[in-house]
Amino acid sequence: MLQIRFHGRGGQGVVTAAELLAIAAFEQGRHAQAFPSFGSERTGAPVVAFCRIDDREIRLREPIVAPDVLIVQDPTLLHQVDVFQGLRRDGYVLINSRRGFDELGLAEIGQRFRRERLLTVPATDIALQHLGRPLPNAVLLGGLAALTRIVTLEAVAHAIRDKFSGKVADGNVAAATAAFAAVRHALVEAADAPAS
Amino acid sequence: MLQQAEGSHAVAEAVALCRPDVVCAYPISPQTHIVEGLGELVKSGRLSPCEFINVESEFAAMSVAIGASAAGARAYTATASQGLLFMSEAVYNASGLGLPIVMTVANRAIGAPINIWNDHSDAMSQRDSGWLQLYAETNQEALDLHIQAFKLAEELSMPVMVCMDGFILTHAVERVDVPEQSEVDAFLPPYAPRQVLDPDEPVSIGAMVGPEAFMEVRYLAHAKQLSALEHIPRIAAEFGARFGRDSGGLVRGYRCDDAETIVVALGSVIGTLKETVDALRDDGMRVGVLGIQSYRPFPLAAVRAALQGARRVVVVEKSFCVGLGGVVSTDVRLALSGLHLHGYTVVAGLGGRAITRASLERMLGDAAADRLEPLTFLDLDRRIVDRQLEREARTRRSGPIAENLLRDVGTVAAKVA
């Protein structure tokens, strides 16, 4: 079973991100369970949402305490919430930021995990470019598809079109596709870079 | 058709497939998405004919449902928590009058302290109201139970509450199989009321009954609930034959056959318990789970039959009777009268406290060694309890308890889960 935890702020579509991922996994014939952290929803307040993906029925109903993947939709949370709590040593991290992982002051934390699986992507910039609104949630799912291959970009696009329609769907699909390309590029660059 | 859908959405679809004539709606978390979904279905014309009535309170919601049902309409509403308490007088009236209303309760704690999260306090407060109470383990079962509930309610002419865990189920997006309209139509015949207010054939419903017959009316309600012990498994079997799924029924055991320890529970925690049992079985512990799907009527014989081979019974419940202990455990104990079993009550998940597999494993390990207290509060933060007790012993004006404990706990926003 794969467990994905989403961190963001109220208004950034954190819960929707988990739901979209579950729909994408469902599209690929898998069982998925998405649920919010059930807090009082206030704009700007830290929000957590969860998604589990498996090949059989998911019966577990507890919050995800040991995630395989972390998505951080708002980098300012890094100073407020211990988002890395419980992350598995071979886990993946995708943070919405223009800055690199080390530039965010996370170099030390990065040493506890597999460095090549920790990445940032400027999801807000990509969203502004394609959507005209700073909504990073669907964008990061495109990045997630490239980083982890848990779901395909096509399944993510399908989920977006399932949930949204018209220009909003088109913009999100375009943004997710751009993020997919950006993360793919970053992974290739990292693989080519000489070991330091 | 298989869908990846939110629990509330799945329930709205299921209720719509049952062709209600009247839906009374008043919003309260975590139920709101259900009536919102039904509102959209009525507005779009997909659910037609159906009158969607926005009422001014939960008391009005149940009162309108009573009026609609008495006039021969298939009536539905949904609520939670204080909403259920606010309509309580009408809840008793609906069952007293024998009106087959179906209501979803998206289980949520009751204040004070105000709390929007899940436990079973709300439905448990109405366990003696004369309504049948069915509990869903998954969103698929919640969907299925609503279809069964209309059939059950109308066969008996008694109202049915379908209880599903607020947020944990209502807000979870997972796979559900939504039946076709034709399949539901074949399973659930049109509503044929046992009593109806009809201007052409005037009768009155709701007579005042004095000491000469009140007890008999109550007794008949009890007899009807007891007869439901046969209707419920039969309807579940019919449902299973038609839709190919085991949903509902009285009780359902999981790995109970040779179990020395059996955990009894209601609702979605059964899923986590199954995972826990699988892990403990791998370690050689003989443990099983008994889920109770029908809490009212309470299936004494079925519970006894399922548990009598065990050495100990642990009731894990999201309800709590202040000054006594468990609510469900009291009923389970009645089912076990005369049997020499170790019985434990574990109150868990109050006000949305996460019930984790790790805590359940630890607790069941203690139970298997008979180290467990007869009444245990799973993951109780003893530290903040003791601090408050010290405060109260030290100072007369020790201040409001909830506020004191929140200060002791510190900022919750920084917590991950």
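This is a predicted model: local features need pLDDT of at least 70, side-chain atom pairs count only at pLDDT 80 or more; totals for chains, interfaces and linings use all residues.
Which residue in strand 13 of chain B does B:Ile262 stand opposite?

Begin by selecting strand 10, residues 261-265, together with strand 13, residues 312-317, both in chain B; the two run parallel and are joined by four bridges. Here the opening question finds its reply, for the residue facing B:Ile262 from strand 13 of chain B is B:Val313.

Now widen the selection to the whole open sheet, whose six strands in chain B follow the order 9-11-10-13-14-15, with mixed pairing. Look next at the edges, where strand 9 (251-254) and strand 15 (375-377) of chain B each have a single partner strand, so that one side of each is left without a neighbour in the sheet. If you turn the view to follow the strands across the sheet, the twist from one strand to the next averages 20°.

**A stop in a loop**

Move to B:Arg127, which you will find in the loop between helix 6 (121-125) and strand 6 (132-135) of chain B. Is B:Arg127 buried or partly exposed? With 18 other C-beta atoms within 10 Å, B:Arg127 is partly exposed. Once neighbours within four places in sequence are left aside, the residues in contact with B:Arg127 are B:Gln133, B:Tyr295 and B:Arg296. For a sense of distance, select B:Ala73 as well: B:Arg127 and B:Ala73 are 54 residues apart in sequence, and their C-alpha atoms are 25 Å apart in space.

**Where the chains meet**

Finally, show both chains, and select the 28 residues of chain A that are in contact with 25 residues of chain B. On the side of chain A that touches chain B, helix 1 (14-27), strand 2 (31-36) and strand 3 (46-54) of chain A each supply at least two residues, and the largest share, six residues, comes from strand 2 of chain A. Coloured by kind, the residues of this side of chain A divide into 17 nonpolar, six polar and five charged.

End the tour on strand 2 of chain A, which two bridges join to strand 8 of chain B, residues 173-177, the two strands running antiparallel; there A:Ala34 stands opposite B:Val173 in strand 8 of chain B.

Methods
Residues are numbered from 1 along each chain as its sequence is written. Chains are lettered from A and ligands numbered from 1 in the order in which they are written. Two strands pair if DSSP finds at least two bridges between them. Axes are lines fitted to C-alpha atoms, for helices over the stretch in contact, and angles run from 0 to 180 degrees between N-to-C directions. A residue is buried if 20 or more other C-beta atoms lie within 10 Å of its own, exposed if 12 or fewer, and partly exposed in between; C-beta atoms are placed from the backbone. Two residues are in contact if their C-beta atoms, placed from the backbone, lie within 7 Å. Ala, Val, Leu, Ile, Met, Phe, Trp, Tyr, Cys and Pro count as nonpolar, Asp, Glu, Lys and Arg as charged, and the others, Gly among them, as polar.
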